[in-house]
Amino acid sequence: MRKVGVLFVCLGNICRSPTAEAVFRSKVSEAGLEAVVEIDSAGTGDWHIGRAPDPRAQKQAAKSGYDLSDLRGRQVSSDDFHKFDYILAMDHQNLLDLKEMQPPGFEGHLGLFLDFDTKLPIDEVPDPYSMGGAAFRNAIQLIELGCDGLLADIKQRL
């Protein structure tokens, strides 16, 4: 069976996208699909390359049962468009940046991550970086819902 690649993208790759990576890894593992789903995260910006996720993101993720400690920030590259089937932005600005990078012939899904949860009245995961703990809790809750919708979509395609 061919692997399905999923890349989560936010601005710096230290809050939302690594959280989505960890949450989705957990959900994929629970579904027994870790052998067929490849998961990663990246940022459109380059200032957090090699850094661990924000301590506040790690703390809130741990409270929800997710471990971000081994993840490190990286920047999106043109190779990602060849490697991943789903490239999912956390917000509209990052989606615009990704569309500017998109090479001709990319046949994967490039879109907003929360588009996979049609029950939500919003389509972006707000950036909690400049906010407090409640914003990080909210981000995890939104990410969990988006991951459920994404997993359902992938299961239909397998």
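Start by selecting R56 and Y129: R56 lies over the face of the Y129 ring, 5.4 Å from the ring centre. Keep in mind throughout that this is a predicted model.

**Aromatic pairs**

Now show the aromatic side chains. The structure holds four aromatic pairs. Pick F81 and F106 as one example. Their ring centres are 5.2 Å apart and their planes meet at 85°; over 60 degrees counts as edge-to-face, so this pair is edge-to-face.

Colour by secondary structure next. F81 belongs to helix α3 (residues 80-83). F106 sits in the loop between α4 (92-101) and β4 (109-112). The pair therefore ties together parts that are 25 residues apart in sequence.

Then select F8, F24 and F113. These three residues form one aromatic cluster.

**The N13 loop**

Move to N13, in the loop between β1 (4-10) and α1 (16-30). Its relative accessibility is 2%, so N13 counts as buried.

Which side chains make polar contacts with the side chain of N13? One is S17, at 2.7 Å. Another is S41, at 3.0 Å.

Finish by displaying the surroundings of N13. Leaving aside residues up to four places away in sequence, N13 touches P18, S41, A42, G43, R72, G73 and R74.

How values were computed
Residues are numbered from 1 along each chain as its sequence is written. This is a predicted model: local features need pLDDT of at least 70, side-chain atom pairs count only at pLDDT 80 or more; totals for chains, interfaces and linings use all residues. Side-chain values use heavy atoms; hydrogens and water are left out. Rings of Phe, Tyr and Trp (its six-membered ring) pair if their centres lie within 6.5 Å; planes under 30 degrees apart count as stacked, over 60 as edge-to-face and the rest as tilted. Helices (H or I, at least four residues) and strands (E, at least two) are DSSP runs, numbered from the N terminus. A charge sits over a ring if NZ of Lys or CZ of Arg is within 6 Å of the ring centre and within 35 degrees of the ring normal. Buried means under 20% relative accessible area, exposed over 50%, partly exposed in between (1.4 Å probe, protein chains only). A polar contact is a pair of N or O atoms within 3.5 Å; within protein, one must be able to donate a hydrogen and the other to accept it, and residues adjacent in sequence count only if both atoms are side-chain atoms. Contact means heavy atoms within 4.5 Å.
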